[in-house]
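Please keep the sequence and the structure at hand while reading.

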Protein chains: 2
Amino acid sequence: MEKFLEQAYLYDFYGELLTEHQKQIYGDFVLNDLSLSEIAEEQGISRQGVHDLVRRCDKILKDYEDKLHLVEKFLFIKKQIQEMQHIMESMEACEEPEKLGRLRQISGEILEEL
Amino acid sequence: MEKFLEQAYLYDFYGELLTEHQKQIYGDFVLNDLSLSEIAEEQGISRQGVHDLVRRCDKILKDYEDKLHLVEKFLFIKKQIQEMQHIMESMEACEEPEKLGRLRQISGEILEEL
């Protein structure tokens, strides 16, 4: 998986286990796409300090994933739901439009939750 | 949710974040359904000691869930998948048996993962 996307998933799943300080800086880096220098200036710490904190958070979050595998599990389910949606879109011969519509609706709700 | 089931889910999701000692005792209590006295004898510690450890693990695991809400999220998805399966079972008029069969298969795979 692309590094940036992996960081975003890890942050999304386990970010609440970081301290407020870590969350703010890592979130600025991963989600708000700020550079190390921008964050350093904003926080009044050195660029190296931000760099070290980001690396430390990477490790903390990866350690959680290595133990719990919840991002992996979630990505598997997401892929499966997307395959179901793909199949449902191709079921033109299905004479159950209302039920098929409801299935599509639920699958969409699940993807929103993931 | 029933207390015992809730403990089992919390253990299933976050148990790897406990220490080995906590995992063993809490697992014996929650999954293997041993009594406090049985575990106390097995571990060579007091019944009160086991009781306190179980309560402490309850709190640790609940704190993780309060922060991450992953059990809640996965239970929601499980309920949605079960509803999809229920609907698919009633789609007799659907002239796409192979595709419907594949949808059922995928939904079963997702439930196994949850």
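In this predicted model, helix α2 (residues 20-30) of chain A and helix α3 (residues 36-43) of chain A have axes that come within 9 Å and cross at roughly 145°. Over all chains, the count of aromatic pairs comes to 11.

**Helix contact**
- The crossing of α2(A) and α3(A) is right-handed, and on the α2(A) side the contact is made by His21(A), Gln24(A), Ile25(A), Asp28(A) and Phe29(A), which meet Leu36(A), Ile39(A), Glu42(A) and Gln43(A) of α3(A).

**Aromatic pairs**
- Tyr9(A) and Phe74(A) form an edge-to-face pair, with 5.3 Å centre to centre and 65° between the planes.
- This pair links distant parts of the chain, since Tyr9(A) belongs to helix α1 (residues 3-14) of chain A and Phe74(A) to helix α5 (residues 70-89) of chain A, 65 residues apart.
- Tyr9(A) counts as buried because its relative accessibility is 15%, and Phe74(A) is likewise buried, with a relative accessible area of 2%.
- Tyr11(A) and Tyr26(A) form a tilted pair, 5.9 Å centre to centre with 35° between the planes; Tyr11(A) lies in helix α1 of chain A and Tyr26(A) in helix α2 of chain A, so the pair ties together parts 15 residues apart in sequence.
- Both Tyr11(A) and Tyr26(A) are buried.

**Cluster and charge over rings**
- One aromatic cluster is formed by Tyr9(A), Phe13(A), Tyr14(A), Tyr64(A) and Phe74(A).
- The charged end of Lys73(A) sits over the ring of Phe13(B), 5.3 Å from its centre, and Lys73(A) also lies over the face of Phe74(B), at 6.0 Å from the ring centre.

Technical notes. Residues are numbered from 1 along each chain as its sequence is written. Chains are lettered from A and ligands numbered from 1 in the order in which they are written. This is a predicted model: local features need pLDDT of at least 70, side-chain atom pairs count only at pLDDT 80 or more; totals for chains, interfaces and linings use all residues. Side-chain values use heavy atoms; hydrogens and water are left out. Axes are lines fitted to C-alpha atoms, for helices over the stretch in contact, and angles run from 0 to 180 degrees between N-to-C directions. Helices (H or I, at least four residues) and strands (E, at least two) are DSSP runs, numbered from the N terminus. A crossing is left-handed if the near helix is turned anticlockwise from the far one by less than a right angle, and right-handed if clockwise. Contact means heavy atoms within 4.5 Å. Rings of Phe, Tyr and Trp (its six-membered ring) pair if their centres lie within 6.5 Å; planes under 30 degrees apart count as stacked, over 60 as edge-to-face and the rest as tilted. Buried means under 20% relative accessible area, exposed over 50%, partly exposed in between (1.4 Å probe, protein chains only). A charge sits over a ring if NZ of Lys or CZ of Arg is within 6 Å of the ring centre and within 35 degrees of the ring normal.
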